[in-house]
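Work through the exercises below with the model open. Each task is followed by a worked solution.

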Amino acid sequence: MQYFQKLIQKDLGFTHSLDTPIASHDPANIWALHHGKSKSTHDPSLVFHFDGSKPGSTSSQAALAKSCLQRLKTLRHPDVLKYIASVEGPDGTIYVATEPATPLATILADASSPLDRETVLWGLYTTARALGFLHDSSLIHGRLNPATVFVTPQGDWKLAGFECVTAHSSAASLTQHAAQLQRHEYQSPEFARGNWSGIASGAPGAVDSWALGCLMYEAHAGSLTSPDQLQNISALPKQILSAYQKLLASNASNRAPAGQLPNHPYFQKSKFVELNMFVENLALKGQLEREAFLGKLSTIMDRLPDGFCTFKVLPMLSQSLETGAGAVAAFACIVKMADRLSEHDFANIVVKKYAVGWYGNHGLDRNLKVQLYSKLDLFSKHFDDNALNTVLFPAMCASFQDMQAPALRDGAVKAVLSICNRLTDKNLNSVLMSHFARLQVDPEPAIRTNTTVCLGKLAPQLSQAARNKVLAAAFLRSLKDPFPHARAAGVNAILITTDTYSVKDIATRLLPAIIPLLIDKSGDVRQLAFKVVAEFQSTLTRNHEEMSRTEESSSANHAQNKETSGFKSGSASLGSGWGLSSFSSMTAALLNKSDTPAQSSSTSTGISSEDFKRGRPTAAVTSNGKPPAMVKAPTAMSSDTWGSTNGGGNAGSNVSAPAAFAPTPLTAQSLGSAMNTFSDFNDAGNELPEDDDDDGWGDMDIKPAAGTKPIDEEDLFVSMMGNPTSKPKAVPGGIPRSGSNTSSASGSMAGGGDLWNLAPPMVSKPKPRPPTTRTTASGMGLNSTSSRRNKKSTGDDWEALLGGTGSTKRKPVSRGAR
């Protein structure tokens, strides 16, 4: 049947669809009632349907239906059911759409208990006003009963059922139809007798006044099945008995007009009636009156009917929010409604219809926005994802940037947590994080603190890329905040997000930043810092154990592979260290082209420039207990590099060579003696960078002391030997007093010390610089340009530092006493 009804509606062009039917309990049985819905706006409605093609339909019923439709169109009053749209078919079918409402008869039939007295009081008030409107127009309704009174969702009673409405002067025309359409219990005595002439000559509203008295009784008692029940007044309030008796006077001329009932003191003193009247006339009230009213409304919200709060007060409150008149008090009333309504009703009526517009309205008062954000969790769960990401979130981003209202920024930051799990990937990981980056440097310390707290709680929701990029950087920034609570929030955020960091970040970034907070001025910060350090220590300990197990496994595999490949002995030989390797290679060079052991053992040598530039040490003492003298290298190649006296060697040298340099094969004792000679050299550092030089020493870098300028290669001796401009007090014996290559040495040895016993400086390889001509250092006799040229030609730093090449000849000097 509904399928055919929809087809007919489509053909007739009716703008409303029919949903579930409604039981009307109307004895006239003219209209079929349905819940309806607008096809364009989906707003609910009430649809009256008269089917002229159904069996039993008469022409008189069609005429009554058309008469009712005509009255609905023309009678415009707040207490008359509001007409919306209608359509008539060629077969007499009529569809009429009105505001959504339910027949009072249906409510009374379904109610398990009598209606609330305040609700009934306001309903009778509005019904009496509607009847007074008709009577002032000299019209008689003729069939007032619960089936022709409709209750709107707001709780208002609206008058309908205008099939028998006639002018007072034409009251005789009621005879054919009114007796059939009106319920027997609601017919006045003259109406029941058919005294139409008396009705026409009497008061215009006498018939309707009687029906209003019957309606008053049934609304309070719950039902009326016989006129005799009207004498039982126990169900009625005592304050209204006088009005009830005047409405049911036996003499029609003595009945009180229905339109005068609202003036009764019982209605005038009713707070609920006063409240409804104020809401209806709210547009005429001043701002002070509105704010005072809204302030009192929140205290009585719990005693008001649900329909009144939802459908009458809520639109008024929404209007107050938009205009700003008492907005905060209005919002407090709205929050209380959440406890009264079901989740479904609150979502469909409050949130979808009003709340989405509130949060998307950028022109609302800032104080109201703060209140809205504080209760966002109450509304956001009923937002659909599209509205949340396209309406609510952009408005929230605008609040982040409102520098005139710190409370608004703070409220928006804290409200993010209620919607973060429903934001799109772009809004959460990109847009929101960019706003939080600025909020972390907000002028207000509370906002910085709350931003860090929110970041810590948002961490599980962020993508892996966003966590890697944002979390560590944000929390490290908060650790430097001057506000103690902001630092505490940063440390706590690191603590709850420990699992998101790599071991490298923990060891190199986070832990070094946390350590200073162990002595922070704030006790809370220190306490949290110790917890983080303990947690990081546990994490790093586990990582260390895992690395140790991996290393042991790798070492075992490596040893097994070497043993299999026959490299076991080679590996053992490498364990002797770099000092012995260097000594062995140097010894081999020294013993090359040497004379007989007897000759070498009986001779004593000094150190030539070629030897010195290669880093060889001087002998501790000569055979006669005196320090050796530095001698000039022979101009011609001889069979004895060091020169010998026994056997026709160098006549200028008369000291014996140390045992370390003897050409005889090395024994364990001689090796130990040689190593003692090199002990000072080996202490110069055991991790010098490797070099390709044959002697194995490589280039040495200078690290200047704190507060001094860097020293380049040309000033190396200045660093090693002391200030070249300072004049020494004494010159030790055995050191040449003249020559460009010896003046610096004299300055260093002024205290009688040994050059090789000096503590070696920390060195660093200098960066190459473009060649420039520099002034010769005082006491050095060096030219920077020539030294660099010589260095490039020979590749030996020592030679450049000594100011000459390997071919430079030096005059022998005699040994002097210390």
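Of the chain's 818 residues, 44% count as buried (under 20% relative accessible area; exposed is over 50%, partly exposed in between; 1.4 Å probe, protein chains only). This is a predicted model: local features need pLDDT of at least 70, side-chain atom pairs count only at pLDDT 80 or more, and totals for chains, interfaces and linings use all residues. Residues are numbered from 1 along each chain as its sequence is written, and side-chain values use heavy atoms, with hydrogens and water left out.

**Exercise 1. Count the helices and strands in the chain.**

Solution. Take DSSP runs, numbered from the N terminus: H or I of at least four residues for helices, E of at least two for strands. The chain has 35 helices and ten strands. Next, take contacts (heavy atoms within 4.5 Å). Among those between residues at least 6 apart in sequence, 67% join residues at least 24 apart.

**Exercise 2. Describe how helix 14 packs with helix 16.**

Solution. Step one: geometry. Helix 14 (residues 327-340) and helix 16 (residues 366-374) pack at about 20 degrees, with axes 9 Å apart. Helix 14 is therefore roughly parallel to helix 16 (under 35 degrees; over 145 is roughly antiparallel, 65 to 115 roughly perpendicular, the rest oblique).

Step two: residues. Helix 14 brings A327, V328 and F331; helix 16 brings N367, L368, Q371 and L372. By class, this contact has five nonpolar, two polar and no charged residues. Nonpolar covers Ala, Val, Leu, Ile, Met, Phe, Trp, Tyr, Cys and Pro; charged covers Asp, Glu, Lys and Arg; the others, Gly among them, are polar.

**Exercise 3. Classify the ring pairs of F267 with Y125 and with Y266.**

Solution. Rings of Phe, Tyr and Trp (its six-membered ring) pair if their centres lie within 6.5 Å; planes under 30 degrees apart are stacked, over 60 edge-to-face, the rest tilted. The count by this rule is 17 aromatic pairs. For Y125 and F267, the centres are 6.1 Å apart and the planes 40 degrees, a tilted pair. Y125 sits in helix 4 (residues 117-136) and F267 in helix 10 (residues 265-268), 142 residues apart. Y125 and F267 are both buried. Y266 and F267 give 5.9 Å and 75 degrees: edge-to-face.

**Exercise 4. Is Y266 buried or exposed?**

Solution. Y266 has a relative accessible area of 19%, so Y266 is buried. F267, at 1%, also counts as buried.

Methods. Axes are lines fitted to C-alpha atoms, for helices over the stretch in contact, and angles run from 0 to 180 degrees between N-to-C directions.
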